[in-house]
Amino acid sequence: MFGAKLPEPVAVLSTVRVVDDQVEVEADALPAIGGVELAESRVRRITDFQQTIDRLPGGIRLDKVEAAADGVEITVKGSDVRLAG
């Protein structure tokens, strides 16, 4: 982190939500790394982010995102969606 390799991964509990066509992730609290408190803005540049989910078929939109054992589950909703076949 910040040019130095950490000896092991650092866990961060985050809130994940859908806003329009974006998945937003924001850390609930920031960890102390090696017992040192770092500048919040520098850490949040790593822990907090937005990812646009675009190019969904017509009529489908993001609904929600939830934590899962192996990542996240993203739910979509739609109306008047044409299915192939």
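Of the 85 residues of the protein, 13% count as buried, where buried means under 20% relative accessible area, exposed over 50%, and partly exposed in between, with a 1.4 Å probe and protein chains only. This is a predicted model, in which local features need pLDDT of at least 70 and side-chain atom pairs count only at pLDDT 80 or more, while totals for chains, interfaces and linings use all residues. Residues are numbered from 1 along each chain as its sequence is written, and side-chain values use heavy atoms, with hydrogens and water left out.

**Overall architecture**

- The secondary structure comes to one helix and five strands, helices (H or I, at least four residues) and strands (E, at least two) being DSSP runs numbered from the N terminus.
- Along the sequence, these elements follow the pattern β-β-α-β-β-β.
- Among contacts between residues at least 6 apart in sequence, 35% join residues at least 24 apart, a contact meaning heavy atoms within 4.5 Å.
- The accessible surface of the protein comes to about 6,700 Å², and 50% of it belongs to carbon and sulfur atoms; accessible areas come from the Shrake-Rupley method with a 1.4 Å probe, and for residues only the protein chains shown count as cover.

**The three-stranded sheet**

- Three strands form an open sheet with antiparallel pairing, in the order β1-β2-β3, and two strands are taken to pair if DSSP finds at least two bridges between them.
- Because β1 and β3 stand at the edges and each has a single partner strand, one side of each is left without a neighbour in the sheet.
- From one strand to the next, the twist averages 20°, based on axes that are lines fitted to C-alpha atoms (for helices over the stretch in contact) and on angles that run from 0 to 180 degrees between N-to-C directions.
- Strand β1 (residues 14-19) is joined to the antiparallel strand β2 (residues 22-27) by six bridges, and Val18 has Val23 in β2 as its bridge partner.

- Glu24, which lies in strand β2, is buried, with a relative accessible area of 19%.
- When its neighbours within four places in sequence are left aside, Glu24 is in contact with Thr15, Val16, Arg17, Val19, Phe49 and Gln50.

**Loop residues with positive phi**

- Most residues other than glycine have a negative phi.
- Asp20, although not a glycine, has a positive phi of about 55°; Asp20 lies in the loop between β1 and β2, a hairpin with two residues between the strands, and is exposed, with a relative accessible area of 67%.
- Arg55 likewise takes a positive phi, near 65°, in a residue other than glycine; Arg55 lies in the loop between β3 and β4 and counts as exposed at 81% relative accessibility.

**Nonpolar surface patch**

- Leu56, Val72, Ile74 and Val76 form a nonpolar patch on the surface, with about 300 Å² of accessible area together.
- Patches are made of residues with over 30% relative accessible area and no salt bridge, like charges being joined within 9 Å and nonpolar side chains (Val, Leu, Ile, Met, Phe, Trp, Tyr) within 5 Å; a salt bridge is a side-chain nitrogen of Lys or Arg within 4 Å of a carboxyl oxygen of Asp or Glu.
- Leu56 is found in the loop between β3 (49-52) and β4 (60-68) and is partly exposed, with a relative accessible area of 33%.
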